[in-house]
Amino acid sequence: MNLAFRLAATADDGKPRLPGSLQVNRRISQWLTLRADGRVEVRSGKVEIGQGILTALAQIVACELQVRFERIVMVGASTAASPDEAVTSGSLSVQESGTALRHAAAEARAVMIGEAARRLGVDAGGIEVHDGDFLLDGQPSGLTYWSLADAGLLEREATGSVAPLPSAALSVVGSPVPRIDLPDKVFGRPRFVHDLEFPGMLHAAILRPPSPAARLLELDDSRAHAIAGFQRVVRDGSFVGVLAASGAAARQALEAVRGAARWEEAETLPDASALGAWLKQQPVESRLVEERKASQPEAAVRTVRATYTRPYIAHASLGPACALACWSGGGDGARIEVWTHSQGIYNLRTDLALATGFPAERITVHHVEGAGCYGHNGADDVAFDAVLMARAAPGHAVRVLWSRADELAWSPFGPPMAVQVEADLDSEGRVVAWRHDVWSNGHGTRPGRSKTPALLAAWHLEKPYERLIAVNAALAAGGGSERNAVPGYEFASWQVHNHRLLSMPMRASALRSLGAFANVFAVESFVDDLAREAGSDPLAWRLGYLRDPRARAVLEKAADMSGWRDRQRSDSVGYGMAYSRYKITGAYCAVVAEIEAGTEIRARRLWIAVDCGRAVNPDGIANQIEGGAIQAASWTLKEAVRFDHTRVTSDSWESYPILRFSEVPQVEVEILVDPELPSCGAGEAAHGPTAAAIDNAVRDALGVRVRDLPITPEHIALAAEQ
């Protein structure tokens, strides 16, 4: 048994610096409970949103505690008991929560072995653990984790002094394990927040303004009173909701109220057909992201440049946002309880406290799975809707379900982006200098991070809260619009600038992969053209600027998988390649795409190679890469928020089309595994390379470079004219 101790680095407060989220959630008992019935309760602040994270975390704990996977019980995240791990985002759950749980479990194992040794009067080094049993000389000692479970041994802070097990001893980590969240979903058993029911529960529906700048002038609710099951209308400024005994009655009453509402509207939205130009004309906050200067600058004989754009993109969750809330008690005993599919339950609690004036310690937020969303959609907003409506019906649980139109028109959007790339070339066409400029709103307006609540209804109240302009996370934390703007190639010099818009006509926030999607799309489309101009194969060109063996390995693997070197050209079929390392510090990913150019572009096949270090659950990684690539194909070929100068018009599946099942490409994923390397997230690694690979394949098939997403027949025709 390896119980080697290591010297931990020391934090500013004199305590040892702990790995991952353990640094700010230091008590082992916050993470783990050993139960007398032979089960291990595991609590994480990261939440399940369809990425399979609970399964991976369970694998990590089972390995470190040396128990069977079946003994692990993953407890749903709640502010009542779970560690505060901020937001589940950025492909960081394994890195942050997995690392914390690995070290917490390692220390718990050492503590329990130490206690068993004390009781048995033996040296701890002579004790082994087998599925929770303590063995001496290979024989049961009579003590187990479970017999010591009530001793309160884990009610202590972690020290950071216990080394986790070596990779060779991690029997479950690295193996494909069936996901623990899927059986309920496959067999239609209640699991989602939409399925929750409580005795005496009421239903609410919210009347949204017709446009972002609309203000309610007049409301006549008399027609709603005649509807069976109707209870009351709740109004606070331009926020309006109806309460009823059933969902059907609430929706019927809402339509009655909608028809009798009078609004004042204004034209505040930009020209949807010229977003790239509009972005460059706005007031901005500009900053240098990163610069590299060549020690011996080479002379350039010419400069090439191009600008790429992406539109507003909706999260387009298949299941509209839903939440339940209950406002109970009175005076100092009053409490608010919320059930939500928010990706940041503690952050949401902070903003609920801000928006209601209610003490945060008397608000409990429980995570319950939703229909899946990677990014800041309406989950937090609908939770606040439910709280406002529950305040009008104390003692009752109140359920709010958004409509499809609400989901597509009122959830935060991924912001539009314009990316300009320039390269100075020498006489042989080699890059001697590189410049990259990004124009975009920030990619963050999540709750819990500002002085004012980032909740939709908070802006519609009689006394509205200030609407803050979206910001970007620090580059060290992954960045926002500048994510993956720093080139991943070994150019002699470069200069990267980010221009954050100081105007925000439509609400913008985090959408899966943030700015990396547009930046990688721009860079990889641009380098493909540079390779063509230089008369070089796109694979050879990329390898010529890459020294990192892991980067080269994923490119070579994707090329081999697709038969890149032996590919055959044919009419209307094209092949394209792209590569990136997500956030420049995360997973490596290379994609080869095969497309067919007919009346529309169809992505037929995607070959993807990914390296994310130690693979906890290879099946989960493949699932995330496949899902990310398919979502990216939908963004690339289909998706754009549509609007006129006043309001969003793409509020249905007909006006906001996404990739249909019949259009999904065949996806093949190969995972390059090194168990000695740290794990890094895979959820967002494929998005940018997939978009660029498809665009490069379109260029290969049609000879036309499309630089404005999505790649629709209209954009192809415009590109062909340029």
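Modeller: Strands here are DSSP E runs of at least two residues, helices are H or I runs of at least four, and both are numbered from the N terminus. Two strands pair if DSSP finds at least two bridges between them. It's a predicted model, where local features need pLDDT of at least 70 and side-chain atom pairs count only at pLDDT 80 or more, while totals for chains, interfaces and linings use all residues. Residues are numbered from 1 along each chain as its sequence is written, and side-chain values use heavy atoms, with hydrogens and water left out.

Biologist: How many bridges join strand 13 to strand 18?

Modeller: There are 9 bridges, and strand 13 and strand 18 (417-425) run antiparallel. Arg 305 sits opposite Glu 422 in strand 18.

Biologist: OK, and at what angle do helix 10 and helix 14 pack?

Modeller: About 35°, and the axes of helix 10 and helix 14 (687-702) are 8 Å apart. The crossing is right-handed, meaning the near helix is turned clockwise from the far one by less than a right angle.

Biologist: Which residues of helix 10 meet helix 14?

Modeller: Among them are Phe 517, Phe 521, Asp 528 and Arg 532 in helix 10, and the helix 14 side includes Pro 689, Ala 692, Asn 696 and Arg 699. Contact means heavy atoms within 4.5 Å. By class, the contact has 7 nonpolar, 4 polar and 7 charged residues. Ala, Val, Leu, Ile, Met, Phe, Trp, Tyr, Cys and Pro count as nonpolar, Asp, Glu, Lys and Arg as charged, and the others, Gly among them, as polar.

Biologist: Switching to holes: how many cavities of 30 Å³ or more are there?

Modeller: The structure holds 4 of that size. On a 1 Å grid over the protein atoms alone, a cavity is a set of points where a 1.4 Å probe fits but cannot get out, a pocket is an open set with protein on both sides within 12 Å along at least five of seven lines, and lining residues have an atom within 4 Å of a point. The largest cavity has about 100 Å³ of space, a volume being the space filled by probe spheres set on the points, which are joined across faces, edges and corners.

Biologist: What lines the largest cavity?

Modeller: The lining includes Tyr 489, Val 520, Glu 524 and Tyr 579. Helix 10 and strand 21 (573-581) each give at least two residues to the lining.

Biologist: And how much space lies in the largest pocket?

Modeller: About 1300 Å³. It has 40 lining residues, and the closest to the centre are Leu 318, Gly 627, Ile 630, Gln 631 and Ile 658. Helix 13 supplies the largest share of the lining, 9 residues.

How values were computed: Axes are lines fitted to C-alpha atoms, for helices over the stretch in contact, and angles run from 0 to 180 degrees between N-to-C directions.
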